[in-house]
Amino acid sequence: MSFRTILRYCIDPHFHPEARLDELVSFCREAKVEEVMLFIGAEELSTGFPGEMELAAYLQLAVRARDRLAQAGVALSLNPWFTLYCVPRGRQRRREHPFRAMVGETGAASPIVACPLCGAWQGYLADTFARIAQEVQPVAIWLEDDWRLHNHGSDLGWGGCFCEEHLQRFSHVVRPGGPTVTRNALLDAILQPGPPHPWRRHWLQLSRESLLQPLRHVAQAVRDASPETEVALMSSLPDQHALEGRDWEAFAVTLGNGSGRFLLRPHLRPYTEEWMVRVPPSIPRQTLACAPQAEAYPELENSPRCGIFSKSGAATVFQMLEAAACGMPGITLNSFDMMGNGTALDPRLGAHLREAKPVLESIGGLRLRREEERGVSILFSPRITEFLQLTAEEAPRESAFAAAMQDPSRQPESGAFGSIGQLAHPSLVWGDTCSILGIPHRYSVRAENTRAPLLVNGQMLRAFPPEEVEALFSGTLILDAVALESLYQLGYQHELGLCQISWQMQSATAFSYEEELATGRRMSAQRCASRMLKCTLDAEAEVITQVCRADGEALWAGCYRYSNSRGGTVIALTYPLDGTAQYFMGFFNRFRQRLFRELFAGRFFVSLDGLRCYQYKRGETTLLAIANPTADALQTVSLLPPPGDWEEWEVLTPDGRWQAVRFEMKEGTLSLVHPLPALRLALFRAEVG
């Protein structure tokens, strides 16, 4: 087995459980499923933290399911749909669960979500999970991704816990023996414009420990009850986890029992099918850069789990193929609902999975590794929130919280003025951009000067020490407008080839399109961003594109290149890559694709026609996984190759053999004559001279 399918499945103990078990075993056999992750009280069937009778019924069912599945060679894990608890949706805490409530940034107390520092809740969870492990002996217990401070209901705003216990612990650090810091005073400090207030770092440290402390208790309790049962973690977006101060290494040590290796289910977009070109697997790849020790099974969600009405079998298989091509050893798969209706909701899915299994096994058998990935590097820091600087416009407004207290319907949402959601950094845009343009890339949490170009957006470089930042200037550094502004503010004008900068609004300047100076090709500017950075450049800087008004008047550089005194190259876009405005509508076209390929000096393969490209280097062999996220079936795979000679190209067949592929080279484009249907993937290899 080289690609593991873990099916997340719900059976209501009181709603035809034996029939659902029969269907489940039959489906696992048909679809070649290796593991079932059985829910306990999930979604529509969740009554909150379960009581004794409710939990007992689920555990008795789990034991029967374990034994039935074992006869079919299928393992069982469990997914209790409660830790802190997710979103209330009208649920309330019971009298038997007198847990201290999580209090959000708005001052609202959750009717059900627990404060992670509540001793009663920690004891309940450790005892409950230990009982689950002891009675059922599952291969793993998966902690639901409500093991986080974010997204526990809009009444709380972004999230976090600002209860009296948290405020007192925080005050003990910053004001020993002094008065307790109020929630509003703390928020004013956390969201101070300009350089971060020292309190922000202390708050992130407290938030970090708030999740680590109960994790240690739960993990140890499960190990004591069932040493063979692993405690596995579900997670969402690294940008959001950075805002809770998450220490991925500490999570790995705690869950890995000192070894570091642990099971992880990172988030995988989209929940409901959309244009697949727009939703590459950036999040699990970025998450694994933070937690390289993890054995990752991305969450392939079908929501609201309506079978073909939420996601097609073809799209499901495509996401599984991409996960395999990114080196994931398997997938966690949601397709059937959380009300116990069973597999009847999607009777065709099993056939799709069975058909795809040989291909998945074939790709998985290659054991692709992150260390073998080649491509441009994209920088991310899990500590970015600690260093992020807000502008005066993003600073807290007292009225936002005052209004929320007076009228709950006006609670500030994530990203609203006055919310700590302002501190979530938009770190995925470079990865999504490279995926859409067919540029192979990898994620890095280290500011290292390697041979590959390093791509940075936003304020990411503020999170690294000056000596590491300065070392980057001797390599190839590719920046968006906000990264350029950050380095300018940090005093690196000379390394950037800059004299002056200023933000220009589209509404005031009417910037319209961008033109390549060398070719005269035009690309939209007004559909890419609502503002751009006007740069006055050093005389030696090379302007690559210029931004123009509709009448052709040149305004400023859209992209420039500068060779600095450290022997390196800086390439800067004057767009902010933050995904705002209509960026994804206006930025992408074949002209931009070829421009980027030239900017990266042709070091890597670039796939054309909207295809995604994952490149690996194994000895003298180059491996290319080419995914087709479009609705068009192609008969030829087109690539822009780096310099080199190729003796032969081969493609991996479903049975794991390599088969020769005819190829042609014409006008700088390499064509591999091999069909690539819509929503499918092919893996090629060649010896590159």
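The pLDDT is the predictor's confidence in each residue, on a scale from 0 to 100. The structure shown above is a predicted model, and across its chain the mean pLDDT is 93, with 96% of the residues reaching 70 or more. Where pLDDT is low, the predicted coordinates should not be read in detail.

Two packed helices are described by the angle between their axes and the distance between the axes. For helix α1, residues 17-31, and helix α2, residues 52-71, the axes come within 10 Å and cross at roughly 30 degrees, and the crossing is right-handed. On the α1 side the contact includes Pro17, Leu21, Val25 and Arg29, while the α2 side includes Leu61, Arg64, Arg68 and Gln71. The residues of this contact comprise 8 nonpolar, 1 polar and 5 charged.

A second pair is formed by helix α3, residues 119-136, and helix α6, residues 198-225, whose axes come within 8 Å and cross at roughly 25 degrees. Because angles under 35 degrees count as roughly parallel, α3 is roughly parallel to α6. Their crossing is right-handed. Among the residues that meet here are Trp121, Leu125, Phe129 and Ala133 from α3, together with Pro214, His217, Val218 and Ala221 from α6. By class, the contact of α3 with α6 has 11 nonpolar and 4 polar residues, and no charged ones.

Technical notes. Residues are numbered from 1 along each chain as its sequence is written. This is a predicted model: local features need pLDDT of at least 70, side-chain atom pairs count only at pLDDT 80 or more; totals for chains, interfaces and linings use all residues. Side-chain values use heavy atoms; hydrogens and water are left out. Axes are lines fitted to C-alpha atoms, for helices over the stretch in contact, and angles run from 0 to 180 degrees between N-to-C directions. Helices (H or I, at least four residues) and strands (E, at least two) are DSSP runs, numbered from the N terminus. A crossing is left-handed if the near helix is turned anticlockwise from the far one by less than a right angle, and right-handed if clockwise. Contact means heavy atoms within 4.5 Å. Ala, Val, Leu, Ile, Met, Phe, Trp, Tyr, Cys and Pro count as nonpolar, Asp, Glu, Lys and Arg as charged, and the others, Gly among them, as polar. Angles under 35 degrees count as roughly parallel, over 145 as roughly antiparallel, 65 to 115 as roughly perpendicular and the rest as oblique.
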